[in-house]
Amino acid sequence: MGRLLMPKAEKHNASRKSSGSQPGTDVAKLGRKEFDQALARLQVELVTLQEWVKFKGLKIVVVFEGRDAAGKGGVIKRLTERVSPRVFRVVALPAPTEREKTQMYLQRYIGRLPAAGEVVIFDRSWYNRALVERVMGFCTEEQARYFLRMCPEIEDAMVRSGIILVKYWFEVGQEEQTRRFMSRINDGRKIWKLSPMDLESHRRWYDYSRARDEMFEATDTKVAPWYVVPANDKRRARLNCIAHFLSLIPVEAVIRGKIKLPKRQKPKNYKEPVRPHNYVPSVY
């Protein structure tokens, strides 16, 4: 069965600790070996969950939101790297096209919700309207407030349709966000992670804080609560988030027959053809 749920009172208290010291910040850094061992155990459980999702026909939506450079992508990578992309599907939508701008706001998200036997992970979601679009002026204040009023009803409809909806907010401190941005600026492997929107979000820290606070106030409901992930420590954030996700869905191991590797067929006069191949050079 899954792990114990975070008590409701503790969950709500955690969701309010957004700008002060984060839980666990005084804990010693988690070593790579310890992290890898813990992650491997969790990923085995994720595979078990995957088989249960297929067997029971579950529909799961996981929303990842948070400040830029908070570590959402790293968690999603570890969450999905050992499971099937046909079951765990990541949705990371670009800016809307001119056609999509004329549609009902939620239209392009609704079409990506899961069918039976699927887990859909939104790397940013419909909450763009409450956060990025609102802060950057891509929508009107009236549109943002209307979204916040309607969102709980829409999410209630999702849950009533049988979707298991899980929402995570990744919270990173000011100093740590700055450090991560500087790391991206100075590392050629990470420069692609920086966009003008990312840099502007660094400047508008308190605008994002106000938008986040109003979003929590309007959409942290009993049906679809927000779970806050303290993300200053990347390794602990990854493990804690995955462990919590597993705790929310009771799982039973799907009984499988014993697997026996069959013998290969006989060659029946087959011979490898003699022809030149374009081999990749052995540089390493």
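Author: Buried, here, means under 20% relative accessible area. Keep in mind that this is a predicted model.

Reader: OK, so why is Gln177 called buried?

Author: Its relative accessible area is 2%. The cut-off is under 20%, so Gln177 counts as buried.

Reader: Where does Gln177 sit, and what does it touch?

Author: Gln177 belongs to helix H8, residues 174-186. Leaving out residues up to four places away in sequence, it touches Arg67, Asp68, Ala69, Val172, Ser201, His202 and Trp205.

Reader: What makes the pair of Gln177 and Asp68 a polar contact?

Author: The side chain of Gln177 comes to 3.0 Å from the backbone oxygen of Asp68. A polar contact needs N or O atoms within 3.5 Å, one able to donate a hydrogen and the other to accept it, so this one qualifies.

Reader: On to the sheet. How do you know that S1 and S4 pair?

Author: Strand S1 (residues 59-66) and strand S4 (residues 163-171) share eight bridges, in the parallel sense. Pairing takes at least two bridges, so these strands pair. Across from Glu65 you'll find Trp169 in S4.

Reader: And what makes S2 and S5 edge strands?

Author: The open sheet has five strands, ordered S2-S3-S1-S4-S5, with parallel pairing. Strand S2 (88-91) and strand S5 (226-230) each pair on one side only. From one strand to the next, the twist averages 20°.

Reader: Which helices lie across those strands?

Author: Helix H2 (residues 32-56) lies across S1, S2 and strand S3 (118-123), at about 100° to S2. Helix H10 (residues 205-219) lies across S4 and S5, at about 155° to S4.

Key: Residues are numbered from 1 along each chain as its sequence is written. This is a predicted model: local features need pLDDT of at least 70, side-chain atom pairs count only at pLDDT 80 or more; totals for chains, interfaces and linings use all residues. Side-chain values use heavy atoms; hydrogens and water are left out. Helices (H or I, at least four residues) and strands (E, at least two) are DSSP runs, numbered from the N terminus. Axes are lines fitted to C-alpha atoms, for helices over the stretch in contact, and angles run from 0 to 180 degrees between N-to-C directions. Contact means heavy atoms within 4.5 Å. Buried means under 20% relative accessible area, exposed over 50%, partly exposed in between (1.4 Å probe, protein chains only).
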